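Here are some friendly notes to read beside the model. Each point takes up one topic.

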Amino acid sequence: MTSVPGSARRGMKHLGPIIEERRKHLGKAWAEKPNDFLSWLMDDPQGSQSSVRDLTLRILTLNFAAIHTSANSFTQALYNLAVHPQYIEPLREEVESIVGKDGWSKGALVKMRKVDSFLKESQRTDGIGAVTLSRKAMKDFTFSDGTVLPQGTIIGAASQAIHLDNRIYDNAGTFDPFRFADMRDADGEGTKHSFVSTNPEYLPFGYGKHACPGRFFAANELKTMLAHVLLTYDIKLEDNATRPRSWHIGGTIAAHPTAKVMFRKRAY
């Protein structure tokens, strides 16, 4: 009925020897100790007593959260790139210029403001959820305006409505790939409108102290992939095709799963 048990067994086969090796060093000084999520789990007094299966399931859960969100966001960006081919060349010029000077480095990715803006705008118009910041009231709570949340109430922020609000974004329903790059230039702010910046008007990564801690890695990952596609391929939708509509399932927004994007090796 489900492939999860088989996937867990495959994960245990891979992680089991790694976990057992690290257990030999628990409580000891270890100069070569990896600084990763598995180590953090095992350092916890409860985590150090967890079985190989428990630790494997936690790693797989983290992988799931990290992979499907990035995959969905990148798919939406590809659809936007394919339906707006006029933006391929300015994006490509930016990547070529920066990589030519700085190589494929973290510093180079920071300088790719148009690529950064393109991905941020894709998440604004076609994010991964219509609702975010979901919270459950663990006790009765009263807001400053007198609104009362009884214990057990689940609430969330209407992120899609915010992102498509013309009072917040000019022509909010229009995909403007360099919207945030232009805002950065106008404000003279290097990071305020960057892909990973959060504020009450931009919520794909959440907000506040529980904002997505992996957004910095995700941004570098997505920018690297988009830059590679730009330098390597010409892409477009099939003839007469329109922008694939996203699927809305409850509060989730998913990139259309069967739409086709055509790739052709770039001619230099």
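1. Arg124 and Glu121 sit three residues apart in helix H6, so about one helical turn separates them. Helices here are DSSP runs of H or I with at least four residues, strands are E runs of at least two, and both are numbered from the N terminus. The two side chains form a salt bridge with the closest N and O atoms 2.8 Å apart; the term means a side-chain nitrogen of Lys or Arg within 4 Å of a carboxyl oxygen of Asp or Glu. Arg124 and Glu121 are both buried, where buried is under 20% relative accessible area, exposed is over 50% and partly exposed is in between (1.4 Å probe, protein chains only).

2. A word on the basis: this is a predicted model, in which local features need pLDDT of at least 70 and side-chain atom pairs count only at pLDDT 80 or more, while totals for chains, interfaces and linings use all residues. Residues are numbered from 1 along each chain as its sequence is written, and side-chain values use heavy atoms, leaving out hydrogens and water.

3. Thr125 is also in helix H6 and is buried, at 14% relative accessible area. A polar atom of its side chain lies 3.5 Å from the backbone oxygen of Ser122. Beyond residues up to four places away in sequence, Thr125 touches Asn80, Leu164 and Phe175 (contact means heavy atoms within 4.5 Å).

4. The structure holds 17 salt bridges. In one of them, Asp36 meets Arg22 at 2.8 Å, N to O. This pair links distant parts of the chain, with Asp36 in the loop between H1 and helix H2 (37-43) and Arg22 in helix H1, 14 residues apart. Asp36 is partly exposed at 25%, whereas Arg22 is buried at 12%.

5. Which residues touch the most other members of the largest nonpolar core? Of its 35 residues, they are Leu81, Val95, Met112, Val115, Leu226 and Leu230. Such a core is a set of buried Ala, Val, Leu, Ile, Met, Phe, Trp, Tyr and Cys residues joined through side-chain atoms within 4.5 Å. Helix H9 (215-232) and strand S5 (233-237) are among the elements giving two or more residues, and H9 gives the most, with seven. Apart from this core lies another of eight residues, including Leu38 and Leu55.

6. Finally, Ile18 is in helix H1 (residues 4-23) and is partly exposed at 31% relative accessibility. Ile18 and Leu38 are 20 residues apart in sequence and 9.5 Å apart in space, C-alpha to C-alpha.

Note on methods
Polar contact = N/O pair within 3.5 Å; in protein donor to acceptor, adjacent residues only side chain to side chain.
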